[in-house]
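Look at the model below.

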Amino acid sequence: MVKQYLLGNEAIAHACIEAGIDFASGYPGTPSSEVIDTLRAQKKREFYIEWSVNEKVALENALAASWCGQRSMVTMKHVGLNVAADPLMTSAYTGAKGGFVILSADDPYAHSSQNEQDTRRYAHFAKLPCMNPSSVQEAHDMMKDAFALSEKVGLPVLFRPTTRVCHSKGDVDLGEVSEEHRTGVFEKDPKQYVVIPAHTRALHKKLNEKQPMVRKAVMDLGYNTAEVRGETAVVASGIAASYVQEVIPDGVSFMKVGCFPIDGAWMEKFVQQHKKVLVVEEGAPVVEERLRQLACGVEVFGQMNGAVPMEGELSPAAVAASMVKAGILKESPFQSPAPAEGLPPRPPILCAGCGHRATFYAMKRVFPDGIFPSDIGCYTLGLQLGTVDTTICMGASVTVGSGIANSGEKRPVVATIGDSTFLHTGIQGLINAVYNGADMTLVILDNRITAMTGHQPNPNTGETAMGEASVPISLETICRACGASFVETVDPYDLTATLEALKAAKARKGTKVVIARQACVITARRAGVRRAHFRVDPETCTACGACLRFGCPALGKDAEGKANINELCSGCGVCAEICPAGAIVKEGRK
Amino acid sequence: MSSYDLLIVGIGGQGTILASNIIGEACLLEGVPIKGVETHGMAQRGGSVESHVRIGGTFGPLISPGGADLMIALDLMEAVRYRHYLKPEGRIIVNDHTVVPTSVFMQKLPMPARDDLVAALEGHPVTLVDAAGLAAEAGNLIVQNVVMLGAAAPSLPLKAESLEEAVTRLVPQKFLDLNLRAFALGREAGRS
């Protein structure tokens, strides 16, 4: 056994290798992405990996591998599970053969997400077991057990780490890498795999009949623990359990629910030994609801009566505050010093030289009264540039755009979507917009990669997750096949050409597509692209501030208000095109 | 068991994660438990980032406001932004430089002066470090994070040799000498 200091997601990936994983698929999404990225980075790799085009596609691929007897896993973030919900629900009926784990990472506090939904709800909904680790070590141990659990119960197993587990680090005890691997063999069994009504009714009954066995198998893993220490108890699930352990006073009982479904008899016995119980969990009150069904007469504190916050994430201080509300602690051991006020915020911003910034700048110039539906990616940061008016979920830029256009709204609609997001769920929206005559422009912000989540390849990149070359898809061909008659590709660093293409799109009726293609500035740098930096000629600069409003972090100003360019400059040259005085020039030129 | 809680703050891209990894590796070398958590994903570049490190930690990874023993700040303004995480006696090792955020230009917000930022840290023991100057002396501006780690070394409950060994394990061979020079120069600055 070796001990390493690992990120939660790295520990989870290592557990997969210890379990002898054969097949991994997924769609990147914070905080889940590093699991597959870690698997990809293994020098010795005897398993298949793919970054799929979306979560539904990923789940179906991994499910099929499981049906062929392989140990398989699919990874995604919580909202990805909505996309994959269709196969998820029925995969509980067909079941799994090789151990099949569905990792869906939740993001309480929505650090980088559009909502705070709870994957444990899906587990309950689909009647599937779910594991909810409380630490990096437990995430590792549970993931290793998840494959065997799946095989034992014949069902997919949901695995729900949260941001503070995925992106936690800790000293982790690791096991041996497994040498055992399985080659897929599909055995035909229509009653199991063809869910026509006659079959599916029987499969549903079978799933229901399995539940007592599932509850027992889950309990047998030993992740659900309880210790009676007094008349008052705290019950916790997930990372909240580690916060509880930090602050729980002596003489207060502690129950930890690591795996679902909960064995009602086990929980009832514990609850009935107490007069008062506080339930602490992030996300939905999943444990609390079950516990309240069993509590008859026992006083319960939790989210449902305001003792625990119903949104956001917890912390040791938040848990202490809940204990104070429940009368378990007299006062919180934590101070709460006031943060400094009046500091200018420092939100994440598009990189210096990011092509998206140039495209947004051109859009604002050509469509000063435009409505800008956008999507999920780095470019959502265009909010700060005033070119993101809506985001709701992956692919919704096109559809929200066509909806606004067809609602009678008279102002021009210009939607933006990244290449990966377009391939994820944007194409259907484009077909729908073109076919139904939506008068709008779709700008595909094509940086050749899935950048925001850590530069994962997609079918537009020309490389698979296995590192093999593959023919990149043609976005132009796809858009034309969707029926768009105006499809123009521009380099956003060429501001003049981008402005012209947008003006041409504006002059036409119907659904127009402009593809703004420029490699992500980070991947370009890694690939060795070096461009000469730009500088400001202080004698020519009129201190008008036009370049500063472009919002590039490479641009600043001196005490006189004259612009200067710092070492972040990547040489894109767009600011030189913007400067009305011609004061920005390439290094080495006069 | 109570842990020694360290907060590393800065701007995405400055190398807070490497600094936390070096401390983690040093803990493994000394057999000390460690927990931590950091900002990942969603193109954090240019944004304010924080990394929690709990040396001797056996519970969760999060440090509570008012609970940190030490803060390493790679940017002066970020030190002020996270100051409330420190215990009243908590020490600050801070880079004597701040990057002006684009929000100052885009939203026309006032930018605090350097002396006002330093004044806002009053009450805590503060070590101001010329990270850029020392990194340049070591050979490359890129190692400012290791300079800052070196400056914090005398305050950490870890042996300097463990931290040096951790640097050796984690940094690519061709940049090793550069990083060790940066660490040594930082350590010198942290002692004065």
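In this predicted model, helix 1 (residues 16-30) of chain B packs against helix 6 (residues 144-152) of chain B. The angle between these helices is about 40°, and their axes lie 9 Å apart. Angles under 35 degrees would count as roughly parallel, and 65 to 115 as roughly perpendicular. Helix 1 and helix 6 of chain B are therefore oblique to each other. Their crossing is right-handed.

Which residues of the two helices meet? Helix 1 of chain B brings Thr16(B), Leu18(B), Ala19(B) and Ile22(B). Helix 6 of chain B answers with Asn145(B), Met148(B) and Leu149(B). By class, this helix contact has five nonpolar and two polar residues. It has no charged residues.

Now move to where chain A touches chain B. The contact draws 44 residues from chain A and 46 residues from chain B. On the chain A side, four elements each supply at least two residues: strand 1 (2-7), strand 8 (168-174), helix 11 (240-247) and helix 14 (316-325). That side of chain A has 23 nonpolar residues, alongside 15 polar and six charged ones.

For one of the residues involved, follow Ser168(A): its bridge partner in strand 2 of chain B is Val37(B).

Technical notes. Residues numbered from 1 in each chain as written. Chains lettered and ligands numbered in written order. Predicted model: local features only at pLDDT ≥ 70, side-chain atom pairs only at ≥ 80, totals over all residues. Contact = placed C-beta atoms within 7 Å. Nonpolar A, V, L, I, M, F, W, Y, C, P; charged D, E, K, R; others polar. Pairing = 2+ DSSP bridges. Axes fitted to C-alpha atoms, helices over the stretch in contact; angles between N-to-C directions. Parallel < 35°, antiparallel > 145°, perpendicular 65-115°, else oblique. Left-handed = near helix turned anticlockwise from the far one by under 90°.
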